[in-house]
Amino acid sequence: MLEARRVRFGLLLGATYALLLVVLGYRVYEDASIPLGSVALRQPEKLKKDFSLQGTSTERLLVNYLYAPLIGKWGLFFGLHAAFSLLLLAGLWRLAYRLIGSEGWAWIAVWTVLPGLYHHHWGSNELYYPYLTPSLPAKAAGAWVWVSLLEGRFGWAALALAFATVIHPSVGWQTWVFSLPLVGAAQGRKRWPYALSSLFTVALTLLMFFQARPNPSQALLWQKIFLGFRMHMHFYPEYFRPSSHGLFSFLLVSGLLLTFRRDRNLFGVFALYAGSLLLYVANRYTVGWEPLLYSQLPRATVWLKPLGVFVLGKWLRSKLPEWPISTRSAFLLLSLIGWGAFRLARHPEIGRDFLQVFRWRESSVWKLGLWGDEHLPLDAVVAAPPRGMSALFALQRSAYLRIDFIGRPDPQAYRQRLLQLYGIDPVEGASAWRTLMTKGDSLFVERCRTLPDSLRLWGITHVVVPAWACLPYRLLWKDEQLALYEVR
């Protein structure tokens, strides 16, 4: 019986990951998913003039060592993505089973969260990503922090928390804070490993906070640019999806009501979420105290979503019949969904751009990147339109500006370079970001056409543009989507 259950679990785990691949795809690189510092660690001679590296946050330094061995071996990133995705899904199912107590209902709850409620979030943060961003392995470990605390396995919880904190400190400390009510379930010395890991998490978080604070003379400009412009969708509730406000309010209220007097520790978790989020929102629209604003507490709601769904699942299980899953049906699901994912990954168009497992080299981004990495001089400085940031990374050369880079470069220089390349002033906030995303490509092409002397003066040696653009420079490479020019 136990062996059959383990087989069934493995089959459904694989089927769930295959489902995520079918629904959300997989990209080798997207949204600064591979830390630029890992490239600089492996191949420093290629990025000596990269502006973004001047502002690399200390938070991003440790994770570079996880990624560095794979730089240049882009096909191997899928294996690491699969490993951490399966670890995350396994942790979520174990958490759901622990709270619901039913194998079938636990899977229903997991599927409700992923992919059912995907894209419903507070602050554009999710548990799972269809690319290997550092947040994914950190949250995979974070799921096991919750599981281990509920099961009273504080040694495992300590290891998982330490790993999550090293890979992504903000994920680590937020997981630690909101799971604190669960720590009271154990007694005495059983908690000492977790206490040590907690001290490590707090110490590293404080170190990161004080090192990452902007210069006082630039603090106001930094906040306008990186919170109001670059990251407004992560920090400011008025830019979150209205449907997500309703979802999280419902999950929070349901969690409080369903755990009140039934589970003191879980009630403490939901109460902590309620108090913290109310405080964050009140601070946003009143005094604007910077430490609380920079904490980006909405990111922590990635755990509120599964916890709320799992608690609701426990209540529904008491009202509805059991939902059994046989090993045969699990095998059938894995066979059908897995075959579907395989066929999509082999498709000449879908596999090229959406599900990049086998045919990623055929995408315009990576064809350009592989060509440029071989032919461009090591001291090249490349500029690109907003929609060309992935190509900019694939080229593996210094960039004049990476708008998707997550770091803390000099805000005045960042503003100046945005104005130079796109004619957009980031101090105008979210409206400027929307203009950049909708009109940035055409604005960049126009400035490349009319300001060739300025580009050379700024030190730009090459530009990536959409294939439809025709520039008065030397054309080095072109396909149906992208083109690379040498600025002369």
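Close-up 1. A cavity is a set of points on a 1 Å grid over the protein atoms alone where a 1.4 Å probe fits but cannot get out, and lining residues have an atom within 4 Å of a point. The second largest cavity holds about 40 Å³ of space, a volume being the space filled by probe spheres set on the points, which are joined across faces, edges and corners. H8 gives the most to this lining, with 3 residues, and the lining consists of Lys139, Val171, Gln174, Thr175, Arg299, Ala300, Val302 and Trp303.

Close-up 2. Glu126 lies in the loop between helix H5 (103-116) and helix H6 (135-150). Glu126 is buried, with a relative accessible area of 4%, where buried means under 20%, exposed over 50% and partly exposed in between, for a 1.4 Å probe and protein chains only. Not counting residues up to four places away in sequence, Glu126 touches Leu117, Tyr118, His119, His120, His121, Lys139, Val302 and Lys305, contact meaning heavy atoms within 4.5 Å.

**Close-up 3. The bend in helix H21.** Helix H21 (residues 430-450) bends by about 70 degrees at Lys439, the bend being the angle between axes fitted to the seven residues ending there and the seven starting there. Among the buried residues of H21 are Trp433, Leu436, Phe444 and Cys448, and the buried residues of this helix pack against elements including helix H10 (219-230), helix H20 (411-422) and helix H22 (452-458).

**Close-up 4. Val463 in the largest nonpolar core.** The largest nonpolar core has 160 residues, and Val463 is one of those with the most contacts inside it; such a core is a set of buried Ala, Val, Leu, Ile, Met, Phe, Trp, Tyr and Cys residues joined through side-chain atoms within 4.5 Å. Leaving aside its neighbours within four places in sequence, Val463 is in contact with residues including Val382, Phe444, Cys448, Leu455 and Tyr485.

**Notes to the views.** Residues are numbered from 1 along each chain as its sequence is written, and side-chain values use heavy atoms, with hydrogens and water left out. Because the model is predicted, local features need pLDDT of at least 70 and side-chain atom pairs count only at pLDDT 80 or more, whereas totals for chains, interfaces and linings use all residues.

Key:
Helices (H or I, at least four residues) and strands (E, at least two) are DSSP runs, numbered from the N terminus. On a 1 Å grid over the protein atoms alone, a cavity is a set of points where a 1.4 Å probe fits but cannot get out, and a pocket is an open set with protein on both sides within 12 Å along at least five of seven lines; lining residues have an atom within 4 Å of a point.
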